Amino acid sequence: MGNVVVVGSQWGDEGKGKIVDWLSERADVVVRFQGGHNAGHTLVIDGVSYKLSLLPSGVVRPGKLGVIGNGVVLDPHALVSEIAKLAAQGVAVSPATLKIADNVSLILSVHRDLDALRENATTGTKIGTTKRGIGPAYEDKVGRRAIRLVDLADLSTLPAKIDRLLAHHNALRRGLGEPEVEAAVLYDELASVADQVLPFMDATWRILDQARREGRRILFEGAQGALLDIDHGTYPFVTSSNTVAGQAAAGAGIGPGALDYVLGITKAYTTRVGEGPFPTELKDAIGDFLGERGHEFGTVTGRKRRCGWFDAALVRQTVRTAGIDGIALTKLDVLDGLDELKICVGYRLDGRELDFLPAEQSAQARVEPVYETMAGWKETTKGARTWAELPAQAIKYVRHVEELIGAPVAMLSTSPEREDTILVADPFQS
């Protein structure tokens, strides 16, 4: 029995919720290893929808242990709020079912303030952040001035740490024409939530090491998508953490040898929220069709997603940078009824042809997609649970995607319902 890492292979919103839920039912431990409460997904269990942003997917299932690893940045007030919302739906999250790394860095109000001030500025590059303070919190972590969860265990040590943090933030606020923040405000903010979050704190690296030694199945759950990776994504229009599978080890405190199989969640077309390059974007009736048929609105933000044709060149790139062993192809049914389908197989840039997306920002904005065209299908794929139920042309599309990206389809999703899934290879058994 192996351990599985789930990552998005595009710009996020690939349909990880359903697949992660399917896998979490088979896992013993589910770990969040990066990001914060800026990325969400919806789980539907027995007809009830659960919207999660920060908590690992396993918390909604009895008998599973959820872990928030050290690679996450944690807004303690958002955590308490999310736990309360689940409680209202009849799901009890307790220290027996959720463990949070003692060395996780915290998101504070100053981080949310700074995030919003930058994004709302009239000059500079708009990244398209969710304004939840994720980026500034990671900046403070790297700058070695972050407040960590373990710091709340001894409030007497907080004033000196808050002073160190505010020496940086108040200088930025002065430069932006904003009033300074009093140290007492942050102290009260943290002290007010300490007793609610400290019971979940633990040395999670030890828990995961023990689980591995006992042969328990561990599911590492990524947020966002590989194309939003701070190093390998479409920089600077990216998130503030590494979203590729390699981060699962560092962000959970476990060796890379524990990562047995990487499943890349891949939408049968392409979407993106916010700013940044999007070579296959469709600003026409087909783009509107994909958005409406696919219900392309963000779980956390409600923002409308940009839609376009499947970009095999980009997914092929993330298959390599994220070490993807197989993909879960989602939302195939959204393509039902289209006369023809296009797949991007490369790019043209200044008269040259490329089979990858270059790293330079202006080059990314200038590339033109090179398409292959395939016939569509009129029959429905919605709800199919075997290959025999799929139209022949839909199978051709799936097989060509496999060939172009260099990775096999391990799972094929044909509707939001978890049972409407064709399982080719069980990642836990691979």
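**Ground rules**

I number residues from 1 along each chain as its sequence is written, and side-chain values use heavy atoms, with hydrogens and water left out. Because the model is predicted, local features need pLDDT of at least 70 and side-chain atom pairs count only at pLDDT 80 or more, while totals for chains, interfaces and linings use all residues.

**Entry 1: salt bridges**

I counted salt bridges and found 23. My criterion was a side-chain nitrogen of Lys or Arg within 4 Å of a carboxyl oxygen of Asp or Glu.

I looked up Arg 112 and Asp 75. Their side chains form a salt bridge at 2.9 Å, N to O. Arg 112 sits in helix H3 (residues 109–120), and Asp 75 in the loop between strand S6 (73–74) and helix H2 (76–88), so the bridge ties together parts 37 residues apart in sequence. Helices (H or I, at least four residues) and strands (E, at least two) are DSSP runs, numbered from the N terminus. I then checked accessibility. Asp 75 is buried at 4% relative accessibility, whereas Arg 112 is partly exposed at 28%. Buried means under 20% relative accessible area, exposed over 50%, and partly exposed in between (1.4 Å probe, protein chains only).

Next I took Arg 145 with Asp 140. Their closest N and O atoms are 2.5 Å apart. Both Arg 145 and Asp 140 are buried.

Then Lys 331 with Glu 296. This salt bridge spans 3.0 Å, N to O. Lys 331 is in the loop between strand S15 (326–330) and strand S16 (340–349). Glu 296 is in the loop between helix H9 (285–293) and strand S13 (306–308), and the two residues are 35 apart. Glu 296 has a relative accessible area of 1%, so I noted it as buried. The pair also belongs to a network of salt bridges that links Asp 13, Lys 267, Glu 296, Arg 305 and Lys 331.

**Entry 2: the cavity**

I searched for cavities of 30 Å³ or more and found 1. On a 1 Å grid over the protein atoms alone, a cavity is a set of points where a 1.4 Å probe fits but cannot get out. Grid points are joined across faces, edges and corners, and a volume is the space filled by probe spheres set on the points.

The largest cavity holds about 30 Å³ of space. Which residues line the largest cavity? I listed Val 110, Asp 113, Leu 114, His 169, Leu 172 and Arg 173; lining residues have an atom within 4 Å of a point. H3 and helix H5 (158–175) each supply at least two residues of that lining. By class, I noted 3 nonpolar, 1 polar and 2 charged. Here Ala, Val, Leu, Ile, Met, Phe, Trp, Tyr, Cys and Pro count as nonpolar, Asp, Glu, Lys and Arg as charged, and the others, Gly among them, as polar.

Side chains of opposite charge can pair when their charged atoms come close. I looked for exceptions.

Lys 64 lies in the loop between strand S4 (48–52) and strand S5 (65–68). Lys 64 is buried yet has no salt bridge. The nearest side chain of opposite charge is Asp 28, 5.2 Å away. Lys and Arg count as positive and Asp and Glu as negative; His and the chain ends are not counted. Beyond its neighbours within four places in sequence, Lys 64 has contacts that include Glu 25, Arg 26, Asp 28 and Thr 97. Contact means heavy atoms within 4.5 Å.

Asp 115 is in helix H3. Asp 115 is also buried without a salt bridge, and Arg 118, the nearest side chain of opposite charge, is 6.2 Å away. Neighbours within four places aside, Asp 115 touches Thr 129, Lys 131, Arg 132, Gly 133, Ile 134 and Pro 136.

Most residues other than glycine have a negative phi, and most peptide bonds are trans. I checked for departures.

The peptide bond from Tyr 235 to Pro 236 is cis, with omega near 5°. Pro 236 sits in the loop between strand S10 (218–221) and helix H8 (247–252).

His 295 is not a glycine, yet has a positive phi of about 50°. His 295 lies in the loop between H9 and S13, and is exposed at 62% relative accessibility.

Asp 350 also has a positive phi, near 50°. I placed Asp 350 in the loop between S16 and strand S17 (352–354). Asp 350 is exposed, at 57% relative accessibility.

Note on methods:
1 Å grid on protein atoms, 1.4 Å probe; cavity = no way out; pocket = protein on both sides within 12 Å on 5 of 7 lines; lining within 4 Å.
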